[in-house]
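Dear colleague,

Please find below the structure we discussed, together with its sequence. My notes on what was found in it follow.

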Amino acid sequence: MKVELGNYVDLVNEKLKIREARLENYVSTENLLPDRKGIVFPAKSLPNSKLVQSFKKGDVLVSNIRPYFKKIWHANIDGCRSGDVLDFRTNNKNLLQDYLYVLLQTDTFFKYVTTTSKGTKMPRGDKSAIKQFKIELPNLDVQKNIAYKIKVIEAKIALNEEINDNLETIRTVIFNRLFANKMLNQKNGKIKQIASLSTGKRPKRKHDYSSPNHNIPIVGASKVMGYTSSVLYDNYIITTGRVGTHGIIQRYKEPIWVSDNSFVFMSDHQDYLYEILKNFVDYSSLNRGSTQPLITQTDLKNVDIYIPSESEFDNFENLTKYITESQFNLRIENVKLDNLKRMLLENYFV
């Protein structure tokens, strides 16, 4: 049975005094992550106002700016939000909140919001049109079953990410115990002596950014920007922003396309280089931009570092290679889980 969303769901408009807001519970279009990846706290800033929009644990929050970025989060805390973040809450016992969250993740929903949005440079979803969106409303048992399968996958992805974060911490502790003091006091070389550096490229065709048939991620400094059918790198690389965003270090081992706003590093000592780039480079001192931050290859290549002996390299890499290998394996598993989730969403909500 198909019904209109607005007959079963409220777009909540509740407010609190600004003193109730904290960076740890404030949701904006900035800290909502694209492509249904949830949220990251803390927020960068709070609004300068007396009142702020609020939300409750269990609400579904969706960015209403540029809906094609598919920013959505199922809140697990109470908090506050930007006015550009919509708050969905079921108002009917025949529609489960978990099921509402799942169906609002679908490409069908985001395409509808994008198609009916207003504005060109900064399109915003039309709330009246959103309320008219037609949803499939099966019985409660079916809703529970569908929601359970999707949320189990999400829970496994979250667990893998938590394990990876812990492994990241362990490797950094090992690096610091072996090299932190030498990085600060015994610099004897430059990054270019242990790494090659290049710049990513623009994808060949514009429609590569949005075609659902392409599955090679196009990555920028900090996020997936779209997908393409071509592979630019399929080996272990490290990236950081060239223009606009600096100091966010990413690693990839899977087939990938790196955009032209990022630098790409390759080295025989990738784990060592990764720790240096993540923790021992002052990117602000390399900035050459006035209105927009800009780093040059020459400046980055010539950052002073400590270069270990071969025995020091071997010792560090023997201690960390299984950590890095485990991290990549978990990331690959998460890619497969995310693809499974997408397939289920497509099958359940055609």
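In the protein chain, residues 24 or more positions apart account for 73% of the contacts with a separation of 6 or more. Please bear in mind throughout that this is a predicted model.

Overall form

The protein chain has 350 residues, and 46% of them count as buried. Its secondary structure comes to eight helices and 19 strands. Along the principal axes, the C-alpha trace spans about 70 × 45 × 40 Å. The radius of gyration is 23 Å; a compact globule with 350 residues would have a value near 20 Å, so the two agree.

Strand 4 runs parallel to strand 8 (residues 79–81), and two bridges join them. Within this pairing, tyrosine 26 stands opposite cysteine 80 of strand 8.

The nonpolar cores

The largest nonpolar core has 35 residues, and Phe265, Tyr272 and Leu300 are those with the most contacts inside it. Two or more residues each come from helix 4 (140–185), strand 18 (262–266), helix 5 (270–279), helix 6 (283–286) and helix 8 (310–348). Helix 4 gives the most to this core, with six residues.

Leaving aside its neighbours within four places in sequence, leucine 300 is in contact with Ile191, Leu197, Thr240, Phe263, Phe265, Val281, Tyr283, Leu286 and Ile295. Another core, of 32 residues, lies apart from the largest one; Val60, Val62, Ile146 and Leu337 are among its members.

Aromatic pairs

The structure holds 18 aromatic pairs. One of them joins phenylalanine 88 and phenylalanine 109 in an edge-to-face arrangement, at 6.2 Å centre to centre and with 85° between the planes. Phenylalanine 88 lies in strand 9 (residues 85–90) and phenylalanine 109 in helix 2 (residues 107–115), so this pair ties together parts that are 21 residues apart in sequence.

Phenylalanine 133 is buried, as is phenylalanine 109.

Elsewhere, one aromatic cluster is formed by Phe175, Phe179, Tyr272, Phe280, Tyr306, Phe313 and Phe316. Tyr272 in this cluster is also one of the residues with the most contacts inside the largest nonpolar core.

A charge over two rings

Over which rings does the charged end of arginine 251 sit? One is the ring of tyrosine 274, whose centre is 4.3 Å away. The other is the ring of phenylalanine 328, with the charged end of arginine 251 at 5.3 Å from its centre.

With kind regards

Key:
Residues are numbered from 1 along each chain as its sequence is written. This is a predicted model: local features need pLDDT of at least 70, side-chain atom pairs count only at pLDDT 80 or more; totals for chains, interfaces and linings use all residues. Side-chain values use heavy atoms; hydrogens and water are left out. Two strands pair if DSSP finds at least two bridges between them. Helices (H or I, at least four residues) and strands (E, at least two) are DSSP runs, numbered from the N terminus. A nonpolar core is a set of buried Ala, Val, Leu, Ile, Met, Phe, Trp, Tyr and Cys residues joined through side-chain atoms within 4.5 Å. Buried means under 20% relative accessible area, exposed over 50%, partly exposed in between (1.4 Å probe, protein chains only). Contact means heavy atoms within 4.5 Å. Rings of Phe, Tyr and Trp (its six-membered ring) pair if their centres lie within 6.5 Å; planes under 30 degrees apart count as stacked, over 60 as edge-to-face and the rest as tilted. A charge sits over a ring if NZ of Lys or CZ of Arg is within 6 Å of the ring centre and within 35 degrees of the ring normal. The radius of gyration is taken over C-alpha atoms; the globule rule is 2.2 Å times the number of residues to the power 0.38.
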